[in-house]
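Thank you all for coming this morning.

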Amino acid sequence: MKTMTPFNIWKNISGSKLFFSFAALVSIFLFDLIFIPNFFAIQLRDGNLYGNVIDIMRSASTVCILAIGMTLVIATGGVDLSVGAVMAISASVAALMMNPYVMAKTLSAETQRLINDPTFTFAPFGSVIIAALVVAVICGLWNGILVAYFNIPAMVATLILMISGRGIAQLITNGIRIQIFYEPFSYIANLWLIIPLPIYIVAFMLVLTWFLTRKTAMGMFIESVGANSRSSFYSGLDEKFIKLLVYAFCGFCAGVAGLIASSNIKTSDANNIGLLLELDAILAVVIGGNMMSGGRFTLLGSVIGALVMQATKISMYNLGVPANAVMAIQGAVVLFVILFYSKQVREF
Amino acid sequence: MTKKFFTIVLILLFIVPFTAFVGCGHETRGVKCSPHCTYNDMVVGFIQTGSEGGWRTANTASFKETAQQLGINLNFYDAQNKLENQVSAFRNFIADPKVNVIILAALETTGWEDVLKEAKVAGKIVVLEDRRIDAAENLYAIYIGSDFTEEGRKAGREMITLLNDSTKKNVVELVGNVGSSAAKDRGTGFREAIDGSGIVITESQTANWSATEGKDVMAAFLKKSKDIQAVFAQNDEMGMGAALAIKEAGLKPGVDIKIITVDGTAGAFKGMIAGEINTVIECNPLLAPQVYEAALKALNGDALPKWVPSHEGVFYQKDAEAILPTRKY
């Protein structure tokens, strides 16, 4: 029987997978508390909350959702570089379905009026969302088939869609930035129910994924595929099918993130939506304490990882850090967190 | 057997273009029609960078459509954002005896001296559009592109007029990609113009040309202080993102906080019609008419300045509705 000395408790806490990512987030907030006056000020307007902390959670929501899907992919020992491009594809599909007329070069006055009408949508709202997500899942399945059934290394297989995906998104929208005037679509990212809707979506996705992986055997299967794909196969697991499912789910997450991102700026911008976010998502997963080599994973860690990065960014905006120093400082923060995961540094 | 065959094919593949190039390189050919060339005599090789966004699409469309209207024979080449593609396309155009004008939107500023010399020997007219390069001025005919500093100055002057009646003049700046020449020069020009006007730049932060980041950065600025009278966004997207953040903070963009953006995309015009954006400084991608005209002059042996800034205007809210249908991008 273990005795609960303070040392043991400390060891339990610091040994936890979540410890370092959580400690990083807390120390950034401590820094803000000391150096930025009113950083934590929260205003109440019409019963809704506004403040920097809310902003952090809200702006991090896309990366949080990408990171949830990415965690599972990385847990199987893979990686998905295409999520940014899939975001752009899902946003483009949604925009096109709501407003196909923008493709025309010249518009009659009647269609012009229709486009600017906030209650007008070509396809009903529900089918827009479903179609965008289905297309995203198909993108994920494509990755999964290449990785699992054709044995193409994940980095190469998903790189294909990363490059071509943005091109596909541009083809869908004919290279036009489509402004979205349909009001209900903008609610996805801009509706406040005390706190903004994207935060609820992140929470929902986190709980859903946690339930699917931890309350069923799926999580264990994923970890075992990542730890040793061949021995999983010999113990009777269909490791290819599990990989396929995981990539499809990652595609689904990217689809949700794409809808949030385009709703946030009320525009479908095939060029910029999700640009480089695949890297942010991978970084969030790593900051969260997951190993790139696969195996055991923590979903909450990845979400905290995403928050750490967004908190760093918003803190810098508030501090008034000069524009050309922002990236370097962000890099330093990430390096600092990552270093703590290194065994050598920890034992030092 | 097959191996040998492949070797021969490979050797031929290397030698043939080389001889073709050497063959043309040494005979200097003047243009026959000079000095009375017309657009119909022009055979243009146009080397575009590759696709990157609305501006570039409009730029390409401008060259294609104008060529059709003027009766110019245009050979369009898309370099897919790869420098080696641009260089090899350049050499192909030099080797092509029919091509007499080469128009280049260079991906990189350096490394063009050799091909430019080859072009000069072959008697081709080289016109640079949009992107300036570091090369001796006698190697190309003319450069036509935006004057980013002047765009910044125009924005500064418009800002002074906008804030004329305001007692407080706090302006925040949304910067493009750090290090890009457009971001640097627009910032410099803006500061030059507002010098001594009482306008204070209280915040300046990069939003990487993107609407999402423009919204995030503006939201953070507004949390810090609501004492902001205007935003200078170095492109339309960031400005539109800022407008959304201002709305969320319970203020009216364009009224409580004025917004000036640079570019002049259709989205910004819609923003002006909605009253959320005050003034837009044009960064014109429709350079083709100017470029073709300059190329024709060069063909006829007229003297040209080395740099002609593209025609760019300033757009105001009151004219937005009338101008929007004419905007091509």
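Predicted model: local features only at pLDDT ≥ 70, side-chain atom pairs only at ≥ 80, totals over all residues.

Let us begin with a residue of chain B: Ala295(B) counts as buried because it has 27 C-beta neighbours inside 10 Å, where buried means that 20 or more other C-beta atoms lie within 10 Å of a residue's own, exposed means 12 or fewer, and partly exposed is anything in between, with the C-beta atoms placed from the backbone. Residues are numbered from 1 along each chain as its sequence is written, and chains are lettered from A and ligands numbered from 1 in the order in which they are written.

Which residues does Ala295(B) contact, once its neighbours within four places in sequence are left aside? They are Met42(B), Val101(B), Ile125(B) and Val127(B), and by contact I mean that the C-beta atoms of two residues, placed from the backbone, lie within 7 Å. Ala141(B), although 154 residues away from Ala295(B) in sequence, is 7.9 Å from it in space, C-alpha to C-alpha.

Ala295(B) sits in helix H10 of chain B, which covers residues 288–299; helices here are DSSP runs of H or I with at least four residues, strands are runs of E with at least two, and both are numbered from the N terminus. H10(B) has 12 residues and spans 16 Å from its first C-alpha to its last, close to the expected 16 Å, the expected span being 1.5 Å times one less than the number of residues. Its buried residues include Ala288(B), Val291(B), Tyr292(B) and Leu299(B), and the helix is followed by Gly301(B), whose phi is positive, near 80 degrees.

Stepping back to chain B as a whole, we find 11 helices and 12 strands, and 47% of its 329 residues count as buried. If we take the contacts in chain B with a separation of 6 or more, residues 24 or more positions apart account for 76% of them. The domain assignment, which is automatic or taken from a database, gives domain 1 as 30–146 + 286–311 and domain 2 as 148–283, and the C-alpha centres of these two domains of chain B lie 34 Å apart.

Now for the place where the chains meet, to which chain B brings 25 residues and chain A brings 22 residues. On the side of chain B that touches chain A, at least two residues come from each of several elements, among them helix H2 (54–70), strand S7 (200–206) and helix H7 (211–224), and H7(B) gives the most, with 10 residues. By class, that side of chain B has eight nonpolar, 11 polar and six charged residues, where Ala, Val, Leu, Ile, Met, Phe, Trp, Tyr, Cys and Pro count as nonpolar, Asp, Glu, Lys and Arg as charged, and the others, Gly among them, as polar.

Let me turn to chain A and to one of its helices, H8(A), which runs over residues 154–172 and reaches 26 Å from first C-alpha to last, close to the 27 Å expected for its 19 residues. H8(A) bends by about 30 degrees at Ser164(A), the bend being the angle between axes fitted to the seven residues ending at a position and the seven starting there. Among its buried residues are Leu161(A), Arg166(A) and Ile172(A), and the buried residues of H8(A) pack against H5 and helix H7 (125–149) of chain A. After H8(A) comes Asn174(A), whose phi is positive, near 60 degrees.

My last topic is the nonpolar cores, each a set of buried Ala, Val, Leu, Ile, Met, Phe, Trp, Tyr and Cys residues joined through C-beta atoms within 7 Å. The largest has 155 residues, and those with the most contacts inside it are Leu66(A), Ala67(A) and Cys253(A); helix H13 of chain A, residues 239–265, supplies the largest share, 16 residues.
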